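Let's take a friendly walk through a protein model, one neighbourhood at a time. Have the sequence and the 3D view ready as you read.

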Amino acid sequence: MIECPRGYNQKFDFDPEEKRFKLSKILPAGLVFPFDFGMIPGTKGEDGDPLDIIVVSESTTFPGCLVDCRIIGALKAEQTERDGNTMRNDRFIGIPDVSQLFAGIQTLEQLPQGIVNQLEAFFKNYNEQAGKQFRVTERLSAKQAGRLLTSN
């Protein structure tokens with residue numbers, strides 16, 4: 001489920017109790033989501049929220065849009081909150097089943113290296129702006145990400 005479309009400088013969060021999206025943050029000037037960003041319904045990460053996914057596509061969608069994706073990998077990451085607590089906060093990377101431009105991409109290794117580097121830099125910068133630290137500890141293959149996803 002997409003929460004924050006590509007190109008937006010606003011962070012939306014889906015509130016399952018209220019069944020609506022809430023504007024939770026305005027990103028600093030010049031910082032926008034590089035691709036659609038959202039969550040994987042029915043999952044739960046260490047932070048108690050559904051697992052995060054960045055959807056790499058040639059187009060953008062809208063908040064609340066459900067996108068069938070294949071998981072091509074994940075960024076295994078640690079996030080340190082402002083209070084000093086550190087937790088896992090991985091980012092799964094998906095390609096929409098309907099994508100034409102990325103139709104041949106099945107693994108993270110097949111994605112242009114520049115895109116993966118930009119994703120890592122975006123999440124690092126995004127968290128720094130919020131007074132947090134974000135550190136990618138490992139790039140996971142599609143198979144590793146799939147195992148991680150099924151264990152949640």
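A disulfide is a covalent bond between the sulfur atoms of two cysteines. Here the term is used for a pair of cysteine sulfur atoms within 2.5 Å. By this rule the count comes to zero disulfides.

Buried means under 20% relative accessible area, exposed means over 50%, and partly exposed lies in between (1.4 Å probe, protein chains only).

Before going on, please note that this is a predicted model, in which local features need pLDDT of at least 70, side-chain atom pairs count only at pLDDT 80 or more, and totals for chains, interfaces and linings use all residues. Residues are numbered from 1 along each chain as its sequence is written, and side-chain values use heavy atoms, with hydrogens and water left out.

## Nonpolar cores

A nonpolar core is a set of buried Ala, Val, Leu, Ile, Met, Phe, Trp, Tyr and Cys residues joined through side-chain atoms within 4.5 Å. The largest one has 24 residues, and those with the most contacts inside it are Val-56, Ile-93, Leu-111 and Leu-119. Which elements each supply at least two residues of this core? They are β6 (69-80), β8 (91-96) and α1 (113-129). The largest share, six residues, comes from α1. Helices (H or I, at least four residues) and strands (E, at least two) are DSSP runs, numbered from the N terminus.

Leaving out residues up to four places away in sequence, Leu-111 touches Val-56, Ile-72, Ile-93, Ile-95, Phe-102, Ile-105 and Val-116. Contact here means heavy atoms within 4.5 Å.

A second, separate core has eleven residues, including Ile-2, Leu-51, Cys-65 and Leu-148. Ile-2 is found in strand β1 (residues 2-4) and is buried, with 1% relative accessibility. Its contacts, not counting residues up to four places away in sequence, include Phe-21, Phe-37, Val-55 and Cys-65.

## Aromatic rings

A search of the whole structure finds nine aromatic pairs. Rings of Phe, Tyr and Trp (its six-membered ring) pair if their centres lie within 6.5 Å; planes under 30 degrees apart count as stacked, over 60 as edge-to-face and the rest as tilted. Two of the pairs are shown here.

| Pair | Arrangement | Centre to centre | Between the planes |
|---|---|---|---|
| Tyr-8 and Phe-12 | edge-to-face | 6.2 Å | 65° |
| Phe-33 and Phe-37 | stacked | 5.7 Å | 15° |

Arg-91 lies over the face of Phe-123, at 4.6 Å from the ring centre. A charge sits over a ring if NZ of Lys or CZ of Arg is within 6 Å of the ring centre and within 35 degrees of the ring normal.

Thr-43 is in the loop between β4 (36-40) and β5 (51-55). Is Thr-43 buried or exposed? At 14% relative accessibility, Thr-43 counts as buried. A polar atom of the Thr-43 side chain lies 3.0 Å from the backbone nitrogen of Leu-51. Thr-43 also touches Asp-49, Pro-50, Leu-51 and Leu-149, with residues up to four places away in sequence left out.

Ser-59 sits in the loop between β5 and β6 and is partly exposed, with a relative accessible area of 39%. Ser-59 and Phe-35 are 24 residues apart in sequence, and their C-alpha atoms are 8.5 Å apart in space. With residues up to four places away in sequence left out, Ser-59 touches Arg-6 and Asp-36.

Lys-19 is in the loop between β2 (10-15) and β3 (20-26). Lys-19 is exposed, with a relative accessible area of 66%. Although Lys-19 is not a glycine, it has a positive phi of about 55°.

Key
A polar contact is a pair of N or O atoms within 3.5 Å; within protein, one must be able to donate a hydrogen and the other to accept it, and residues adjacent in sequence count only if both atoms are side-chain atoms.
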